[in-house]
Amino acid sequence: MTGTPGAATTGDGEAPEHSPPCSPNYDLTGKVMLLGDSGVGKTCFLIQFKDGAFLSGTFIATVGIDFRNKVVTVDGARVKLQIWDTAGQERFRSVTHAYYRDAQALLLLYDITNRSSFDNIRAWLTEIHEYAQRDVVIMLLGNKADVSSERVIRSEDGETLAREYGVPFMETSAKTGMNVELAFLAIAKELKYRAGKHPDEPSFQIRDYVESQKKRPSCCSFV
Ligand SMILES: Nc1nc2c(ncn2[C@@H]2O[C@H](COP(=O)(O)OP(=O)(O)OP(=O)(O)O)[C@@H](O)[C@H]2O)c(=O)[nH]1
Ligand SMILES: [Mg+2]
């Protein structure tokens with residue numbers, strides 16, 4: 001294994017030309033699902049992470065489910081994240097339920113400019129507890145933090161809800177990229193820690209890591 005302890009980098013996961021055939025270019029894999037109401041920004045969040053780009057303009061709702069792979073390096077381990085982008089629309093719920101049980105991590109998004117997307121988080125968590133594995137890693141994300149002029153959900157409200165459910169929380173922006181990579185790196189670190197590659201290493205606390213690393217939107221810098 002290579003890399004500096006503590007370092008976290010990302011790559012597209014393509015095998016270098018000199019790799020011997022059939023040798024995987026990663027050390028472990030993890031399935032991550034993006035969940036939340038239609039329009040909260042799940043697809044944009046994934047595209048920002050995968051390609052570093054923001055899809056502005058007309059909103060095209062996801063139909064069913066789609067996925068992208070990306071390999072990230074955390075603490076010297078290459079973690080291949082298989083990221084499933086689900087449709088938030090109600091009519092696709094039965095399709096997406098079938099994928100919950102294979103997921104090791106769930107990123108649950110709401111839109112800080114849309115109250116109902118926040119109010120529905122409890123219903124999403126109920127679905128998660130019904131269909132996902134009991135030890136699934138869950139992270140709550142308040143997306144569109146760049147649109148401070150239309151904010152209707154205070155950051156403290158997201159924090160309070162996350163604390164109630166014992167999950168890490170941060171606000172994000174698929175537009176500016178704020179905290180997007182951090183969300184996936186925190187998941188990768190947690191999965192690597194759980195895989196027990198280095199049982200002698202100090203225990204990893206995903207909530208502490210997110211709290212220490214996350215950027216907070218200021219009143220004026222994201223308008
Ligand atoms: N300003 C801003 N707009 C965003 C952000 N993320 C997404 N959007 C916009 O919100 C709309 C919906 O984004 P999507 O990523 O397609 O939403 P979704 O959650 O994938 O929706 P479904 O596929 O229907 O579940 C689009 O018009 C995006 O351009 C963000 O962080 N900031
Ligand atoms: Mg989508």
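**Terms and values in a predicted model**

Tutor: In the record of secondary structure, Asn179 belongs to the loop that joins β7 (169–171) to α6 (180–195). The model is predicted: local features need pLDDT of at least 70 and side-chain atom pairs count only at pLDDT 80 or more, while totals for chains, interfaces and linings use all residues. Residues are numbered from 1 along each chain as its sequence is written, chains are lettered from A and ligands numbered from 1 in the order in which they are written, and side-chain values use heavy atoms, with hydrogens and water left out.

Student: What makes a stretch a helix or a strand here?

Tutor: Both are DSSP runs numbered from the N terminus: a helix is H or I over at least four residues, and a strand is E over at least two. Under this definition the protein chain has seven helices and seven strands, in the order β-β-α-β-β-α-β-α-α-β-α-β-α-α.

Student: Why is Asn179 called buried?

Tutor: Buried means under 20% relative accessible area, exposed means over 50%, and partly exposed lies in between, with a 1.4 Å probe and protein chains only. The relative accessibility of Asn179 is 7%, so Asn179 counts as buried. The backbone of Asn179 also has a positive phi of about 65°, although Asn179 is not a glycine.

Student: Which class does Asp75 fall into, buried, partly exposed or exposed?

Tutor: The relative accessible area of Asp75 is 22%, so Asp75 is partly exposed. Asp75 is in the loop between β3 (65–74) and β4, and its phi, near 50°, is again positive in a residue other than glycine. Gly76 is found in the loop between β3 and β4, but at 6% relative accessibility Gly76 counts as buried.

Student: How far is Gly76 from Phe45 in sequence and in space?

Tutor: Gly76 and Phe45 are 31 residues apart in sequence, and their C-alpha atoms are 25 Å apart in space.

Student: What places Asp102 in its accessibility class?

Tutor: Asp102 has 40% relative accessibility and therefore counts as partly exposed. Asp102 lies in the loop between α2 (93–100) and β5 (105–111).

Student: Why does Val32 count as buried?

Tutor: Val32 counts as buried because its relative accessibility is 0%. Val32 lies in strand β2 (residues 28–35).

Student: What makes the pair Gln82 and Trp84 a polar contact?

Tutor: A polar contact is a pair of N or O atoms within 3.5 Å; within protein, one must be able to donate a hydrogen and the other to accept it, and residues adjacent in sequence count only if both atoms are side-chain atoms. The side chains of Gln82 and Trp84 are joined by such a contact at 3.0 Å. Gln82 is in strand β4 (residues 77–86), and its relative accessibility of 18% makes Gln82 buried.

Student: Which atoms of the protein lie 2.7 Å, 2.9 Å and 3.0 Å from ligand 1?

Tutor: At 2.9 Å from an oxygen atom of ligand 1 there is a backbone N or O atom of Gly39. For Thr43, an N or O atom in the side chain is 3.0 Å from an oxygen atom of ligand 1. For Asp146, a polar side-chain atom lies 2.7 Å from a nitrogen atom of ligand 1. Taken alone, ligand 1 exposes 660 Å², and the protein buries 90% of that; such areas come from the Shrake-Rupley method with a 1.4 Å probe, and for residues only the protein chains shown count as cover.

Student: Which residues come nearest to ligand 1?

Tutor: Ser38, Lys42, Thr62, Gly88 and Asp146 come nearest of the 24 residues around ligand 1; a residue counts as near if one of its heavy atoms lies within 4 Å. The shell divides into nine nonpolar, ten polar and five charged residues. Ala, Val, Leu, Ile, Met, Phe, Trp, Tyr, Cys and Pro count as nonpolar, Asp, Glu, Lys and Arg as charged, and the others, Gly among them, as polar.

Student: Which element gives the largest share of the shell around ligand 1?

Tutor: Helix α1 (residues 42–51) gives the largest share, three residues.

Student: How many of the ten residues of α1 are buried?

Tutor: Seven of the ten are buried, and α1 is mostly covered. The buried residues of α1 are Lys42, Cys44, Phe45, Leu46, Ile47, Gln48 and Phe49. Just after α1, Gly52 takes a positive phi of about 70°.
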